[in-house]
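I opened this structure to see how its parts are arranged. These are my notes, in the order in which I looked things up.

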Amino acid sequence: MATPSARLAARRFFEMSVAPGRLNRTYSTSHSFAKVLRLPKRQLMKLVYPLQELEVYLDPDSRADLHLRIFDPSLEEIARAENVFAAAPKNRIEYLSSAVHLSHAPGSSRPEVCFIGRSNVGKSSLIKALFSLAPEVEIRISKTPGHTKKMNFFKVGKYFVLVDMPGYGYRAPEDFVDMVETYLKERRNLKRTFLLVDSVVGITEKDKIAIEMCEEFALPYVMVLTKIDKSSKGHLLKQILQIQKFVNTKTQGCFPQLFPVSALTYSGIDLLKCFIVNITANLNGSNFR
Ligand code: GDP
């Protein structure tokens with residue numbers, strides 16, 4: 001069971017405000033790493049390793065704080081990992097089911113990763129980008145206030161299950177808190193929680209409550225910074241350094257390296273795919289637990 005303070009944090013965290021909007025969305029954009037590999041070197045590096053690309057603009061003191069290469073796969077490793085995310089007859093990528101409570105979740109024989117973040121952080125867009133080579137995967141997202149929020153489970157071949165958690169804001173129904181809290185606390189096969197933070201906005205109070213909960217539940221989690229295409233280089237650097245400082249000084253369970261991404265330009269998406277594959281499939285013996 002969660003401690004009382006963790007429960008409180010969970011409740012505050014999942015008091016949600018959901019922007020009115022679309023009920024269903026179908027994602028179909030395609031992005032392949034083979035195309036990325038044909039780009040001129042500078043463009044390629046910027047797209048694949050967006051965090052490292054910023055290194056040259058940092059003074060040496062700041063560089064020491066920024067964890068740039070804890071996870072530093074080669075282009076070949078990234079290309080190999082992409083196969084896991086590419087739908088094929090022998091690698092089915094599909095929607096499994098939705099659940100409002102852990103007891104309704106699908107079987108837990110495969111490793112799982114979950115994506116969590118406040119409403120509008122860019123979670124659906126990121127999942128769409130991750131599944132760009134599985135265009136038949138339809139992600140149903142209810143953003144209408146009053147609609148029941150569900151956890152959506154997607155099977156990625158024989159490798160792992162990706163869970164799209166409901167976005168958080170304010171005014172959460174009780175069962176919503178119980179659903180997410182129970183899932184995070186009790187799902188044994190949950191290998192990593194990906195906590196999305198809007199790189200334009202930085203870490204908000206609501207994000208801090210989510211972080212507090214991951215810390216209290218002793219979950220290993222990763223901070224993914226969304227929408228990096230929206231900021232100037234200067235603003236992005238400032239935000240990244242602030243977030244990195246927060247991770248370095250205020251967290252225990254957070255993976256030290258940040259993952260900046262853009263669902264629009266696909267910047268950082270291939271690296272993130274490779275990280276997920278490493279966590280779940282333990283390719284090449286490397287395992288970032
Ligand atoms: P969710 O509520 O977290 O699922 O967020 P969405 O994926 O629906 O995105 C919220 C808004 O941000 C939408 O208008 C998206 O088009 C926009 N958005 C999401 N990701 C990006 C990104 O990487 N770059 C830019 N420029 N906009 C984005």
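The entries below go from the whole chain to the sheet, then to a pocket and a few single residues.

**Entry 1: ground rules.** I am working from a predicted model, in which local features need pLDDT of at least 70 and side-chain atom pairs count only at pLDDT 80 or more, while totals for chains, interfaces and linings use all residues. Residues are numbered from 1 along each chain as its sequence is written, and side-chain values use heavy atoms, with hydrogens and water left out.

**Entry 2: the whole protein.** I counted eleven helices and nine strands. Helices (H or I, at least four residues) and strands (E, at least two) are DSSP runs, numbered from the N terminus. Of the 289 residues, 54% are buried. I use buried for under 20% relative accessible area, exposed for over 50%, and partly exposed for what is in between (1.4 Å probe, protein chains only). I also looked up contacts, meaning heavy atoms within 4.5 Å. Among those between residues at least 6 apart in sequence, 79% join residues at least 24 apart.

**Entry 3: the sheet.** In what order do the strands of the open sheet lie? I read the order as β2-β5-β6-β3-β7-β8-β9, seven strands with mixed pairing. Two strands pair if DSSP finds at least two bridges between them. Strands of a sheet pair through backbone hydrogen bonds, either parallel or antiparallel. At the edges I found β2 (93–99) and β9 (259–260), each of which pairs on one side only.

I then followed β7 (residues 190–198) to its two partners. With β3 (residues 112–116) it pairs in the parallel sense over five bridges, and Cys-114 has Thr-193 of β7 as its bridge partner. With β8, β7 also runs parallel, joined by six bridges. Here Asp-198 stands opposite Thr-226 of β8.

Entry 4: How many residues of β8 are buried? I found six of six, so by the cut-off above each is under 20% relative accessible area. Tyr-221, Met-223 and Leu-225 point one way from the strand, and Val-222, Val-224 and Thr-226 point the other way. Helix α11 (residues 269–281) lies across β3, β6 (160–164), β7, β8 (221–226) and β9. Its angle to β7 is about 155°; axes are lines fitted to C-alpha atoms, for helices over the stretch in contact, and angles run from 0 to 180 degrees between N-to-C directions.

**Entry 5: the second largest pocket.** Helices α3 (41–48), α4 (50–53) and α10 (233–250) each supply at least two lining residues, and α3 gives the most, with three. I sorted the lining into six nonpolar, five polar and four charged residues. Ala, Val, Leu, Ile, Met, Phe, Trp, Tyr, Cys and Pro count as nonpolar, Asp, Glu, Lys and Arg as charged, and the others, Gly among them, as polar.

Entry 6: Leu-237 lies in helix α10 and is buried, with a relative accessible area of 10%. Not counting residues up to four places away in sequence, Leu-237 touches Leu-54, Tyr-57 and Leu-58. Leu-54 is 183 residues from Leu-237 in sequence, yet their C-alpha atoms are 7.3 Å apart.

Gly-202 sits in the loop between β7 and α9, buried at 4% relative accessible area. With the residues up to four places away left out, Gly-202 touches Val-197, Asp-207, Gln-239 and Ile-243.

Ser-231 is in the loop between β8 and α10 and is buried, at 15%.

**Entry 7: two positive phi values.** Most residues other than glycine have a negative phi. Asn-120 has a positive phi of about 80°; this residue is in the loop between β3 and α7 (123–130) and is exposed, at 54%. Ala-218 has a positive phi of about 55°. I placed Ala-218 in the loop between α9 (205–216) and β8, exposed at 65%.
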